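Reader: I'm new to this, so could we walk through a structure together, one feature at a time?
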Amino acid sequence: MREEEIARERMDLLFEEAKEAAPEDQDLADRYVSLARRIGMSYNISLPKEFSRRICSECGSFLVPGENCRVRLDSDGSKKVVTCGSCGNVERFPYED
Ligand SMILES: [Zn+2]
């Protein structure tokens, strides 16, 4: 297996762990997420869409709707607006899921 594939697999696992840990242990979840981001950076792998939308690009928090972030729809309903509860950063994602 190529190193890059191993790295991808490790990132996937870390995100699974983060999902398990949050929201009970937010610190642990954030730690898993920062590890996954670091792996991604060193191998130049961008985060899968599913994950990048659950991480605050500003402070790196693992976002759990209703726990540490607020999710609402844009006025025209085409975008999801996510407000990070840790740093207040606002992200907009196309509404497709
Ligand atoms: Zn944040």
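Reader: Let's start with Phe15: is Phe15 buried or exposed?
Author: Buried means under 20% relative accessible area, exposed means over 50%, and partly exposed is in between (1.4 Å probe, protein chains only). Phe15 has a relative accessible area of 0%, so Phe15 is buried.

Before we go on, some ground rules. This is a predicted model, where local features need pLDDT of at least 70 and side-chain atom pairs count only at pLDDT 80 or more, while totals for chains, interfaces and linings use all residues. Residues are numbered from 1 along each chain as its sequence is written, and side-chain values use heavy atoms, with hydrogens and water left out.

Reader: Okay. How many aromatic pairs does the structure hold?
Author: A pair of aromatic rings is described by the distance of the centres and the angle of the planes. Rings of Phe, Tyr and Trp (its six-membered ring) pair if their centres lie within 6.5 Å; planes under 30 degrees apart count as stacked, over 60 as edge-to-face and the rest as tilted. The structure holds 1 aromatic pair. Phe15 and Phe51 form that pair, and it is stacked, with 3.9 Å centre to centre and 5° between the planes.

Reader: Which parts of the chain does the pair link?
Author: Helices are DSSP runs (H or I, at least four residues), and so are strands (E, at least two), numbered from the N terminus. The pair links distant parts of the chain, as Phe15 is in helix H1 and Phe51 is in helix H3, 36 residues apart. Phe51 is buried too, at 6% relative accessibility.

Reader: Now charges. How many salt bridges are found in the whole structure?
Author: A salt bridge is a side-chain nitrogen of Lys or Arg within 4 Å of a carboxyl oxygen of Asp or Glu. A search of the whole structure finds 4. One of them joins the side chains of Glu4 and Arg8, at 3.0 Å from N to O.

Reader: Where do Glu4 and Arg8 sit in helix H1?
Author: Helix H1 covers residues 3-21, and Glu4 and Arg8 are 4 residues apart in it, which means about one helical turn separates them. Glu4 is partly exposed at 29% relative accessibility, and Arg8 is partly exposed at 41%.

Reader: What about Glu5 and Arg2?
Author: Their side chains meet in a salt bridge as well, at 3.7 Å from N to O. Glu5 is partly exposed, with a relative accessible area of 37%, whereas Arg2 counts as exposed at 52%.

Reader: And which residue does Glu16 meet in a salt bridge?
Author: That's Lys19, at 3.5 Å from N to O. Glu16 and Lys19 are 3 residues apart in helix H1, so about one helical turn lies between them. Salt bridges that share partners join Glu16, Lys19 and Glu50 into one network.

Reader: Which residues form the negative surface patch?
Author: Patches like this are made of residues with over 30% relative accessible area and no salt bridge, with like charges joined within 9 Å. Lys and Arg count as positive and Asp and Glu as negative; His and the chain ends are not counted. The place of a charge is taken as NZ of Lys, CZ of Arg, CG of Asp or CD of Glu. Accessible areas come from the Shrake-Rupley method with a 1.4 Å probe. Here Glu24, Asp25, Asp27 and Glu67 form the negative patch. Glu67 lies in the loop between helix H3 (49-52) and strand S1 (69-73), and Glu67 is exposed at 53%.

Reader: Which residues gather in the patch of positive charge?
Author: Arg70, Arg72, Lys79 and Arg92 do, on the surface. Arg70 is in strand S1 and is exposed, with a relative accessible area of 55%.

Reader: Last topic: the backbone. Which residues does a cis peptide bond join?
Author: Most residues other than glycine have a negative phi, and most peptide bonds are trans. In this model, a cis peptide bond joins Ala22 and Pro23, with omega about -5°. Pro23 lies in the loop between H1 and helix H2 (26-42).

Reader: And what is phi of Asn44 near?
Author: Phi of Asn44 is near 60°, a positive value in a residue other than glycine. Asn44 lies in the loop between H2 and H3, and Asn44 is exposed at 72% relative accessible area. Ile45 lies in the loop between H2 and H3 too, but Ile45 is buried, at 9%.

Terms used:
Patches are made of residues with over 30% relative accessible area and no salt bridge: like charges are joined within 9 Å, nonpolar side chains (Val, Leu, Ile, Met, Phe, Trp, Tyr) within 5 Å.
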